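Thanks for coming, everyone. Please bring up the model on your screens, and we will walk through two chains.

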Amino acid sequence: MLRILRLPALDQVIEILSAQESETLLMAGGTDILPRPAALASTRLLIDLSQVAELQGIALDAEGRIRIGAAVTHQEIVDHPLIQRKAQLLSMACSSIGSVQIRNLGTIGGNLANASPAADSLPALVCLAAEVALASPRGIRFLPVSAFILGPGRTARAADELIESVRIPVVTGRRVAFFKKAGQRRGMCCAKASVAMCAHRHGDGRLTKPRVAMGAVAATVISVPAAERVLADRVLTMAVIEEAAAACCEAAQAIDDIRSTASYRRHVVGALLTEGLAEIYDHMQDLARRQARRRRRRS
Amino acid sequence: MSAERKTRIVGRSVAKSDGMELACGAPLFCEDQLPPGCLHARVLRSSYAHARIVSLDVAPAEQLEGVAAVLHHGNVPRVMRTTAGQGAPEPSPYDFTTFDSKLRYVGDRVAAVAAETPELARQALGLIQLEVEQLPAIIDAHKAQAPGAVVIHDEPDARVVIPVTYEPQRNLVAHVDFQVGDVEKGLAAADASFDREYSCHYAQHAPIEPHCALAEPLANGRLRITTSTQVPFHVRRIVAQALQWPVSRIRVIKPRIGGGFGAKQEVLIEDLVAFLAVRSGRPVFLRLSRAEEFNSRTRHPMHIRLRTSVSAKGELKSVDMNVLSNTGAYGCHGLTVVCNCGSKVLPLYRWDDIRFWADVVYTNGPVAGAYRGYGATQAAFAMEVQMDEMARALGIDPVQFRLQNHIRSGETSPVFQALGEGGEGVAQNIGSNGLAKCLRQAAKEFGWRRRPRRQSKAILRRGQGMACLMQGSSIPEVDMGAASIKMNEDGSFNLLVGATDLGTGSDTILAQIAAEVLGVEMAQILVTSSDTDLTPFDVGAYASSTTYLSGEAVRKAAKTVAGQIRKVAANILGLPVRKLSLAEGQVVAADGQSLTLARIGASSLYEKDQNQIGAFASHTTQKSPPPFSAHFAEVEVDTETGLVRVLDYVAAVDCGTAINPALAEGQVEGAVANGLGYALIEEIKLDERGRLRNGSFREYKIPSTLDLPKIRVILVPTYEASGPYGAKSVSEIGINGPLPAIANAIFDAVGVRLRQAPFTPEKILAALKAAEQESS
Ligand SMILES: Cc1cc2nc3c(=O)[nH]c(=O)nc-3n(C[C@H](O)[C@H](O)[C@H](O)COP(=O)(O)OP(=O)(O)OC[C@H]3O[C@@H](n4cnc5c(N)ncnc54)[C@H](O)[C@@H]3O)c2cc1C
C-alpha cells in the first residue's frame, strides 16, 4: 500500500527522512514522478512537499541572494518581478518548460532533484552561479549546481537531505541573457539541446563575465569555459559570435538517442548560441543607434 | 441532373448532436459501461520479431487466485481470417488466427488473461513461461524478397479469399500491375522526363482513446460486445468467424468513441474479449495500454519510384508509378491501400500512358493497416513533389501547370476501370469538379507568389509550396449503407443507421439530411446508430463513405416516410397527395390548410387506418466521386537549426455540398494538422530487432497547438448529382496535402528537395550540407 503524507512543515519532513525509512519518496509537483509508475511501484511512503511552508516563496535572503523555495513552481518563477528583474535568464528558461499545466505543477526543486541532462532550468542556474541549499538534521549546506548534479538522475543529495531552496547571487548592472532550446516540437517536449547565456553589458559594447551552459549534450548540464573565454571582454562581432559558437560545438559530448543525433546536437548548440548572440548584437546595435540619435539631438 | 435546391438545415452549421453531453463528461464511452463483476483482460505479447513457440506453460497463471481464463494457441481453435474490417469476402489475406504458434513481430499475441483486476491480470502474464526458437527477422522491406529470405508466413493455411496474387512463400502479400498505352515509349519520346524515388514512414493514428472492448455473455446464450470500433457490422461477422458461431448470437454496439483515423477499421481485440467472456462466463473488458496502441496498427511505409514525362508546353505525357509497400507482419489492408496509391492519385491528371505496379511485402515490423488517406497520402507526396519539379523545370507556375493538366468534369481516367479493391475497378466519369476553383480561390486567399521573399543568404528563409489532391467517396459496387426511420405520435422520428460516428459528427449530418427531407427541426430526429441488433447494416466508417453513401440511404428512407405522411394527411384532409408538402413540422396544402406532424402521428398510431409510418432504405453506388482540394503552405526554414515553421496554410476543398460546414471545416483542419505531424514530426522508429523505440507520447510527439499555423479552410461548393443534396466526402483528403505542400515550400525556401519524409531538422541540415558540398 502506498501512503501519501502531505506535511506542512520542514522539520516534519526532515524527521521522517532522518528515520531512514527506505522506500520513501519525495514529491513536489509530481510531474516527473507520476508519469513513471515504475518509480512509484517500489514506494511505500510518498511525502508531498507542495505545502511545506519553508519551501515556498521567492525573496532576498539574509545575504542578499535571491532565495527560491524548492517547492516554487516554474510558473511562479516566470511571473515573479524579482526574477524578471534580477535573474531574467531563469525566467526565460522556466517559461520553456512543458506547458502552462506543467509549469503550474512542476517545481524548481523537482527539476534539480530529477537531474535530467535535458532539464531546462539547469543551464540557467549554472550560468547564474546558483547554489542548492540542502536541508537535513545537520542543518543546511550549500552546493553549486554543477557540484550538486552528478549524472543523469544522480545528485549529491544524501538520503536524509532534501532541497530546501535555490540561492542566486544578485548582480547589479546592465545584463544580457538568453535561453534557447531545440525540441521535437514547440511545446511540451524535452530539449534535443539547449543553450543558456548571460553576461554584463558595458556601454562600450563589451561583454564581461559571460557565462555559457548547455543542456542535453552531455551526461549533465555543462558550462562552456572555452566559449566564455572567447566572449569575455570583447565587443560582440560576427567573428566573435562564430568563434564562440564553434567552442560550443566543440564542447558538446552529444550522443545519438531517440530524440536526435549526436551530430545534430553538436551542430545545433552552435546555432542556438549564434541565434541568441545575434539577437543581443542586434539589440546592442539598436541601443547604439538610439544613443547616437539622442546625442545628435542634444548637440 | 437534379438541380440545386434551397435547403433549410442541410448546409447549416448546426451544433453536433452529441457535443453537449460529451463536453459535460456524460458516461458515454466503452469504459464508462463496465458492469459489476467485470473481469479485466491483458495480453502477453511477443518480445521477438520472429520466433516459433517451443513451449508455453500457462499453468502458473491459471492457478493464480483471481484468474478466470487464460487463452493461447493451444486452447483456442485455429480459424484463419483477417483483422481488416472490410466487406466480405475481404480483399485482405487470411493470414491471422486468434493465437498462433509462431510470433511474427514484437507485440504479436502470445496469450491473453482475464482476471478480477487489471493488476492481477498483469501479474498472471508474468507467470507464463514462454520458450521460443528465434528466427531471422526481416525489418527492411527491401530485403523481404531477397533470395533466401526467411518466410514469415510459412503456415500452409494462409490464403486469399478473392482471386488475387498472393505468394507468402516469397513474402509477397500482393502484386498489382496495369498499363494503359506504352509508358516506356512515352517516357523516351517526350521533351522532358523525370525519375525520382520517394519514401514515407511508419506513423501511428494516436487516437485519444485506445482500442477498448467489453464482451458480456447474455442469459440467452448470446454475446454482447461494446467496442470502440469504426466497423461494428464487420466486428460481428469476424468475431462470429473466430468463435465459429452464427452471427445471430452476437450483438455489437459502438458507443461514443474517442477517435479512430483508420486504426479501428480493424477487429483487433474484440475476438479476445469474446473468447475470454465465453470461457469465463463473465463480462470481460480490455483496453490497450498506450504502448500497445502505438504498436496496434500503423501507416504502411512505402518506397515509391515515380517516372513522368511532359511536353515542352507543359502537357503531361506518361506516368509510371512503382510502389513497394511494407505491410508488416500481417497483410491487413495491404492490397487495397496500395491500390489506392494508384486509384486516388493517378486520375487527377490527364496522361497518355499510365503504368502502375506495386508489390506489398511482409516484414517482421509493426502491422500496417488503414490510416486516413489510405495510400493516397503516400502516393500524393511523390506525385505532387514531382509535379512541382516538372513545373519548375519547364518554367511554368505550379498552379498554372495543374490548371492546365487536371481532369475535368465529364472526363474519365482509365485508372478508375483498372484499379479497384484488389481486382478491377469501376469506370466512372467525373461529375462535380471544383478543383480549378479551389486552385484559384486558395491561391488568391494565400497570396501565391505575391508574398515578400527573404534574401537567399538569410538564416531564416521563407518559401511557399502547394499541392493538388483527390480522394474518393465510398467504394463503388462494394459498400452498402442502410437507414430506417419511424415516426412517433408527437411528430418526432427515430432514425436508425448502421453508420458509425467516430467523433466525426456523422450522427449529426445524417440527422440533418432526415430533418431536411421531413421538414422538421433537428430536435425531432432521434438518432440511434451502430447497434447490430437494432440498426440496419452499414459497412462502417471508412473509405470516406458515410456522408455520400449512408447519407443517401437516409435521404431515400426519409423520402419514403415523407410520402407516407402525405398520404395519411391526404386522407384526413380529403385532398390529393400531390397538393401536399412537408414544412416546419407540418403538412401544408396548396390552399393553405395544414396539419401538424403530431396530429398525423397520433392519427396513424391510435385513430384511423392504424399503421406505423416508417421505412427502410439501402444505398450502394456505381461511382466514387472524388472530392478535390488545393493546399498552399508557407514555411520558414531556419538554415542553422534546420527547424521548419509553418507560417500559413490554406486548404480549399470541393466536397460537393457541405452538409454541415463547421464539421466539414473541422475535418479539414484536423486532417491538415494530422498531415503536418506526419510531414514534420511524427515517425515510429524501430531498433534493429524490430522493437518500437518511441512507443509513447514521451518520445512520439504529435503537433500541439503551438506547432500549428492558422489553418484557413475554404469550402468550394459544387453539386455532386449522385450524392445526398450534392454531397461528396471530406474526411480523408486533407491529410494528403501537407507532405507535398511542405516539401515544395521547403524547396522554395532553401533549394533542397526532400524526398524522404518526415522533414526533421536533422534531415534538413544534412540536405543543406550535402547541397553546399555539391555546389562547392
Ligand atoms: C508533459 C511534461 C512536459 C515536461 N516538459 C519539461 C520541459 O520542457 N523541461 C523540463 O526541464 N522538464 C520538463 N518536464 C519534467 C518536469 O516537469 C520537471 O522536471 C519539473 O521541474 C519536476 O518538478 P516536480 O515538482 O513536478 O517534480 P516531482 O515529480 O514531484 O519530483 C521529481 C523528483 O524530484 C524529487 N524532489 C522533488 N522535490 C524535491 C526536494 N525539495 N528535495 C529533494 N528531492 C525532491 C522527487 O523525489 C523526484 O525524484 C516535463 C514533464 C512532463 C510530464
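Start with chain A, where strand β6(A) runs antiparallel to strand β10 (residues 162–168), with 5 bridges joining them. Strands here are DSSP runs of E, at least two residues long, and helices are runs of H or I, at least four residues long, both numbered from the N terminus. Two strands pair if DSSP finds at least two bridges between them. Across this pairing, Leu134(A) stands opposite Ile163(A) in β10(A).

Before going on, the ground rules. This is a predicted model, where local features need pLDDT of at least 70, side-chain atom pairs count only at pLDDT 80 or more, and totals for chains, interfaces and linings use all residues. Residues are numbered from 1 along each chain as its sequence is written, chains are lettered from A and ligands numbered from 1 in the order in which they are written, and side-chain values use heavy atoms, leaving out hydrogens and water.

Back to β6(A). What joins it to β7(A)? A hairpin does, through 2 residues. Val132(A) has Leu143(A) as its bridge partner in β7(A). β6(A) itself spans residues 131–136 and is mostly covered, with 5 of its 6 residues buried. Buried means under 20% relative accessible area, exposed over 50%, and partly exposed in between, with a 1.4 Å probe and protein chains only.

One loop residue in chain A next. Thr73(A) sits between β5 (66–69) and α3 (74–79). Is Thr73(A) buried or exposed? Buried, at a relative accessible area of 10%. Setting aside neighbours within four places in sequence, Thr73(A) contacts Arg103(A), Asn104(A), Leu105(A), Gly106(A) and Thr107(A). Contact means heavy atoms within 4.5 Å.

Now chain B. Its secondary structure comes to 18 helices and 26 strands. The radius of gyration is 27 Å, close to the 28 Å that the globule rule gives for 776 residues, so chain B is as compact as a globular protein of that length. That radius is taken over C-alpha atoms, and the rule is 2.2 Å times the number of residues to the power 0.38. The C-alpha atoms fill a box of roughly 90 × 70 × 45 Å along the principal axes. Of the 776 residues, 63% count as buried. Take contacts between residues at least 6 apart in sequence: 80% of them join residues at least 24 apart.

Next, a sheet in chain B. Three strands form an open, antiparallel sheet in the order β4-β2-β6. β4 (102–103) and β6 (129–134) stand at the edges with a single partner strand each, so one side of each is left without a neighbour in the sheet. Strand β2(B), residues 51–57, is joined to β4(B) by 2 bridges. Arg52(B) stands opposite Lys102(B) there.

Two helices to finish. Helix α16(B), residues 661–680, has 20 residues and reaches 28 Å from first C-alpha to last, close to the 28 Å expected at 1.5 Å a residue. That expected span is 1.5 Å times one less than the number of residues. In α16(B), 15 of the 20 residues are buried.

The other helix is α9(B), residues 376–394, which holds Glu389(B). Glu389(B) is buried, with a relative accessible area of 9%. What does Glu389(B) touch, not counting residues up to four places away in sequence? Phe194(B), Arg196(B), Tyr198(B), Arg753(B) and Arg755(B).
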